[in-house]
Amino acid sequence: MATMTPKRRQIRIDSPLGPLVVEYTSAGLSALRFDPGSEGSPLSDDAFGERISRQLSEYFAGARRAFDLPLAPAGTVFQRRVWEALSRIPFGETRSYAEIAGVVGCPGGSRAVGQANGRNPIPLIVPCHRVVATGGGLGGYSGGIDIKRWLLTHEGWGQAPPRFGAGEATRELRTASHVS
């Protein structure tokens with residue numbers, strides 16, 4: 001018996017950062033690209049595509065702080081653990097690569113976290129822009145450093161980004177992102 005692959009849809013969404021190309025299936029959102037030369041249907045003709053468009057518009061208008069969308073990113077087990085940890089970074093806050101490495105059970109794995117961050121197929125929705133260098137520098141971003149700076153500023157990030165300190169909040173994040 002043949003297994004059917006869910007139909008992949010692609011839409012283009014205009015944003016303050018330029019066109020975004022979003023890919024999804026019935027399983028969930030699978031990719032988002034910052035793509036000035038993008039092609040794709042500018043309008044969605046299905047409920048899920050409209051939901052994605054609406055939530056992104058609300059985010060850019062300052063009316064949404066978190067996304068409520070099913071996600072279906074392709075990646076390794078480690079990458080998916082990192083992306084799950086990224087998804088738990090609150091709007092307007094940042095974490096260091098080292099902090100995320102500790103959360104996913106890979107102390108000293110800052111570079112591995114950086115690589116997983118760079119391979120995040122759903123930037124913005126899985127907020128890899130909220131990960132910064134330990135010293136507070138911006139680090140890298142697949143959409144480019146100017147877009148990362150814009151997103152952080154949009155979320156209220158100032159000269160001294162909020163830091164994730166020791167204590168209850170660290171335990172909360174670690175517990176929430178634990179993968180058995």
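How many helices and how many strands does the chain have? In this predicted model, the chain has six helices and five strands, and these elements follow one another along the sequence in the pattern β-β-β-α-α-β-α-α-β-α-α. Of the 180 residues of the chain, 44% count as buried, while the chain exposes about 9400 Å², of which carbon and sulfur atoms supply 53%. Among the contacts with a separation of 6 or more, 58% are accounted for by residues 24 or more positions apart.

Two loop residues were examined individually. Arg65 is placed in the loop that runs between helix 1 (47-60) and helix 2 (77-87), and with a relative accessible area of 57% this residue is exposed, because the value is over 50%. When residues up to four places away in sequence are not counted, Arg65 touches Phe91 and Arg130. The C-alpha atoms of Arg65 and Pro90 are 8.1 Å apart in space, although the two residues are 25 residues apart in sequence.

His129 likewise lies in a loop, in this case the one between helix 4 (110-118) and strand 5 (131-132). With a relative accessible area of 0%, His129 is buried, because the value is under 20%. Leaving aside neighbours within four places in sequence, the residues in contact with His129 are Tyr59, Leu124, Tyr141, Lys148, Leu151, Leu152 and Glu155. Thus Arg65 is exposed, whereas His129 is buried.

How values were computed
Residues are numbered from 1 along each chain as its sequence is written. This is a predicted model: local features need pLDDT of at least 70, side-chain atom pairs count only at pLDDT 80 or more; totals for chains, interfaces and linings use all residues. Side-chain values use heavy atoms; hydrogens and water are left out. Helices (H or I, at least four residues) and strands (E, at least two) are DSSP runs, numbered from the N terminus. Buried means under 20% relative accessible area, exposed over 50%, partly exposed in between (1.4 Å probe, protein chains only). Contact means heavy atoms within 4.5 Å. Accessible areas come from the Shrake-Rupley method with a 1.4 Å probe; for residues, only the protein chains shown count as cover.
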